Amino acid sequence: MLDPKIIRDNPDKIRDMLSARSIDFPFDDFLRYDRERRDLIVRTDEMRKTKNQISLEIASKKKSGGDASALISKMQSVSQQLQVLEEDQVRTEEAYRRLSLTMPNLIHESVPVGKDETANKIIRKWGDLPSFGFEIRDHIDLTQRLGLVDLERAAKVSGARFYYLKNQLVKLNQALLQFALEFITERKFVPVQTPYMINRNAMEGAVIAEDFEDVIYKVEGEDLFLIGTSEHAIASMHSDEIIAGGSLPLRYAGISTCFRKEAGAHGRDQKGIFRVHQFEKVEQFVFSRPDDSWAEHEKMLSNVEEFYQKLGLPYRIVLLSSGDMGKVSAKTYDLEAWMAGQKNYREVASCSNCLDFQARRLKIRFRDRTDEPPQYLHTLNCTLVATTRTMVSILENFQTVDGHISVPKVLQKYVGSSTI
RNA sequence: GCGGGGGUCGCCUAGCCUGGUAGGGCGUGGGAUUGCUAAUCCCAUGUCCGUAAGGACCCGUGGGUUCAAAUCCCACUCCCCGCGCCA
């Protein structure tokens with residue numbers, strides 16, 4: 001949700017943003033609803049004012065023992081008129097609210113404008129790509145031979161894009177989580193294991209409407225949705241709160257299983273554990289003062305980079321273009337790790353500054369002094385590790401001639417061995 | 001799941017029975033005053049519309065009754081206590 005004042009004062013800025021994102025949005029309707037809405041507020045307020053006055057007159061007349069019947073009948077007609085106006089207002093307000101929830105965020109000036117990922121900009125690369133003196137295998141081949149993943153039975157029991165992790169890969173999964181948790185708490189992020197189901201109000205605060213269809217699972221018969229990432233649960237954690245300015249920034253490390261419908265993904269990454277309905281993730285999430293959010297954004301990015309460096313996985317940092325970026329984000333970097341089996345860099349982490357977009361939807365504000373009006377803070381999120389994708393990269397990059405896997409040094413103490 | 005008790009403007013609390021402008025205390029910020037870190041007094045401290053003046057809204061949420069609802073009625077929700085069930 002955007003600041004209504006910015007929208008009213010700079011409609012062209014909004015139109016530019018919508019076209020940069022290649023989004024078809026009924027902006028003229030939105031502006032009309034906004035005008036109607038404010039007009040109706042003024043009219044209902046005036047009507048309520050007369051109603052309040054008459055009510056007072058009735059009360060004082062009754063107190064002094066006079067006859068209030070004329071006033072009461074006047075009140076009846078005012079109440080009726082007010083009811084009609086109020087119904088109108090509620091309708092307009094709802095239409096305005098629905099549209100404003102689907103309007104995407106502003107875009108930072110540093111973001112390249114373009115309609116899709118072809119306009120993304122590679123910022124930097126780290127690490128030497130591994131070279132092998134033998135025929136390499138992809139992660140699917142490797143995990144089948146080593147008995148690390150059972151896809152067939154998962155398909156039988158749950159369907160496509162599910163998996164049973166087995167043997168040493170279960171340990172590797174846990175090792176990544178454990179290492180990530182230690183890594184990030186050393187950097188003073190507060191670890192939080194969140195609810196895996198949250199209600200509609202919380203989810204709407206963190207997510208834009210169409211994502212409900214494409215990524216979010218709904219629990220039947222309950223006002224509950226499975227989180228797509230702990231970001232969703234952490235963003236809403238401080239909803240309706242006014243936070244003391246002195247306690248900012250709040251830096252959290254969310255840990256949770258993540259659930260994704262992957263509805264729009266039809267044929268892509270059909271096999272293996274690269275694109276799945278369920279995985280574990282440690283996520284950085286920061287509530288920041290507006291002035292600090294861009295510095296926090298870079299800091300979070302450097303945290304993931306350092307994490308991948310410790311794992312020894314080559315990666316590149318990509319600045320997403322306006323058309324490729326998520327709609328709640330004003331600027332997003334992806335970290336793409338090298339996947340030797342695919343001979344390609346693939347997304348494993350995503351680092352976004354959402355400005356006050358989520359904070360407005362969730363009413364998360366701060367102030368330094370109680371005599372100041374509270375202001376919206378900024379929210380940022382950045383993956384630290386998403387286990388399945390990182391494991392694909394580890395499996396493919398660290399495979400050995402005999403079809404086994406060398407465990408990255410920093411993970412060996414958690415896995416309990418140096419090879420899988 | 002059953003029974004009981006609760007939810008009031010940051011926190012605590014009055015008002016609810018008997019409908020008629022939501023009052024007090026604490027905390028926090030600012031100011032005044034007095035030779036001290038203290039005391040006292042004043043102002044501010046929820047949301048929306050508005051440049052402002054001003055006004056409207058706000059008593060867990062949503063309905064209903066009424067000229068009028070924090071107050072009466074119904075449903076839901078969350079918290080606390082007891083019982084039951086349970087990894």
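## The surface around the RNA

Around RNA strand B there are 25 residues, of which Arg38, Asp45, Met75, Arg365 and Thr370 come nearest; a residue is near a molecule or strand if one of its heavy atoms lies within 4 Å of it. This is a predicted model, in which local features need pLDDT of at least 70 and side-chain atom pairs count only at pLDDT 80 or more, whereas totals for chains, interfaces and linings use all residues. Residues are numbered from 1 along each chain as its sequence is written, chains are lettered from A and ligands numbered from 1 in the order in which they are written, and side-chain values use heavy atoms, with hydrogens and water left out.

Helix H3 (27-63), helix H4 (69-102) and strand S14 (364-367) each supply at least two residues of this surface, and H3 provides the largest share, with 14 residues. Helices (H or I, at least four residues) and strands (E, at least two) are DSSP runs, numbered from the N terminus. Sorted by class, the surface near RNA strand B has 12 charged, 8 nonpolar and 5 polar residues, where Ala, Val, Leu, Ile, Met, Phe, Trp, Tyr, Cys and Pro count as nonpolar, Asp, Glu, Lys and Arg as charged, and the others, Gly among them, as polar.

## Contacts with sugar and phosphate

Of the atoms of RNA strand B within 4 Å of the protein, 79% belong to sugar or phosphate, and the rest belong to bases. Polar contacts, meaning pairs of N or O atoms within 3.5 Å, include one in which a polar side-chain atom of Arg365 lies 2.5 Å from a phosphate oxygen of RNA strand B.

## Backbone details in the loops

Most residues other than glycine have a negative phi, and most peptide bonds are trans. The peptide bond from Leu248 to Pro249 is cis, with omega near 0°, and Pro249 is found in the loop between strand S8 (241-244) and strand S9 (250-259).

Asn167, in the loop between strand S3 (164-165) and helix H7 (168-186), has a positive phi near 55°, and this residue is exposed (over 50% relative accessible area, 1.4 Å probe, protein chains only), at 54%. Glu262 also has a positive phi, near 55°, and lies in the loop between S9 and strand S10 (278-288); at 18% relative accessibility, Glu262 counts as buried, a term for values under 20%.

Note on methods:
Polar contact = N/O pair within 3.5 Å; in protein donor to acceptor, adjacent residues only side chain to side chain.
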